[in-house]
Amino acid sequence: MEPNEQKLILEADCWVTRESFEKSLSQSGCLIDSNCSSVLVVIPNGCKILLIVAARLLALLNQLIYIGKKVTVDLTECASTKLFLSRAGFFDHLDDQVQVVPDRPRFSGAARYKGNSDALVEFGAIDPNEENKDLVVQLQQRFVQQSDARYEIAALTVFGELIGNVFEHSESPIFGFASLQRYVGRRKHIQTVVSDSGLGIARTLRPSLQKHHPKLYKRYKEESLESDVGLVQTALTEGGISRFGSGRGLGFESSRKQAMKFDAELTVRQERFCLNFEYKEGELVRVTPVLDLPRILGSHFCFDFFVDPE
């Protein structure tokens, strides 16, 4: 470890969940805000990474490079996870300046086997300057293939709106990305992720609140963690909130309705906090905030659609 280096070590010999990842990240200290010029990420033996974790890690690594830090990812002890990340397209979207040890894969598993998995759709880039319609269609079609036709509108809605948000609201030069994977486990479900490195929901909405949403402006005009949490939760539960007034929202209303319809679980990671939404029998039953997280820029959505009955 170099003298001016921070280390992020993921848990060994287990599936790394979002909770586990955030715990490891908190233990390492805020990588974005620190004075350290170098970051070492260690993926140890037996570390199996869920798609939601791969998405957050990929976004974080690219952000660290963008702000000028040296970044190394050590996969020496975990060849199996290296194979998974290659197959998922992780390295295809990882900034070329990130050093991977012992080395980067010579060939991209995603490029070689793209479209051949019945459980995985490789990470696709979201260009913040384009509408990315082809990616939306690809993800929707594969989602339906891995579930059934009942989910056709839900998949189109979620991917269409959230990927469209990156184009309309991200204001970041860093590409976003989207992917999905089917898991079996206790209940068969499809995990879908859409991530960007933009302004985040609260910073996008707040400048327009006074003009377009004066009641919300009174509640959330202050820039604070508590205010951001309240504003984001309101945007994702009440809907109808737009930075442009009526007619052009952030695209959460229809996605939220689809999550409610299918009793999905929704997780939204923002710069310093995360909100977990649980739906049951078409109703929102619980919102769980996780506060004071180390900074990761942007918005990171994850929907878990349970495609088999309990």
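**Pockets and local packing in the predicted model**

The largest pocket holds about 720 Å³ of space in this predicted model. Its lining comprises 29 residues, and R186, R187, E265, D304 and F306 lie nearest the centre. By class, 14 of the lining residues are charged, 11 are nonpolar and 4 are polar. At least two lining residues each come from helix 1 (18–28), strand 9 (189–195), strand 11 (274–280) and strand 13. Strand 11 gives the most, with 3 residues.

In the second largest pocket, the space amounts to about 230 Å³. This pocket is lined by 13 residues, of which N62, H93, D95, I174 and F175 are the closest to its centre. The lining consists of 8 nonpolar, 3 polar and 2 charged residues. Helix 2 (51–66), helix 4 (90–93) and strand 8 (176–183) each supply at least two of the lining residues, and the largest share, 3 residues, comes from helix 2.

T267 is located in strand 10. With a relative accessibility of 3%, T267 counts as buried, because the limit is under 20%. A polar contact joins the side chains of T267 and N276 at 3.3 Å. Beyond its neighbours within four places in sequence, T267 is in contact with residues including R18, I52, R56, C274 and H300.

Strand 10 (265–269) is also among the elements that cover the buried residues of helix 8, as are helix 7 (152–169), helix 9 (214–220), helix 10 (225–237) and strand 13 (300–306). Those buried residues are I201, A202, T204, L205, R206, S208 and L209.

Technical notes: Residues numbered from 1 in each chain as written. Predicted model: local features only at pLDDT ≥ 70, side-chain atom pairs only at ≥ 80, totals over all residues. Heavy atoms only, no water. Buried < 20%, exposed > 50% of the residue type's maximum accessible area, 1.4 Å probe, protein only. Helix = DSSP H or I, 4+ residues; strand = E, 2+ residues; numbered from the N terminus. Contact = heavy atoms within 4.5 Å. Polar contact = N/O pair within 3.5 Å; in protein donor to acceptor, adjacent residues only side chain to side chain. 1 Å grid on protein atoms, 1.4 Å probe; cavity = no way out; pocket = protein on both sides within 12 Å on 5 of 7 lines; lining within 4 Å. Points joined across faces, edges and corners; volume = space filled by probe spheres on them. Nonpolar A, V, L, I, M, F, W, Y, C, P; charged D, E, K, R; others polar.
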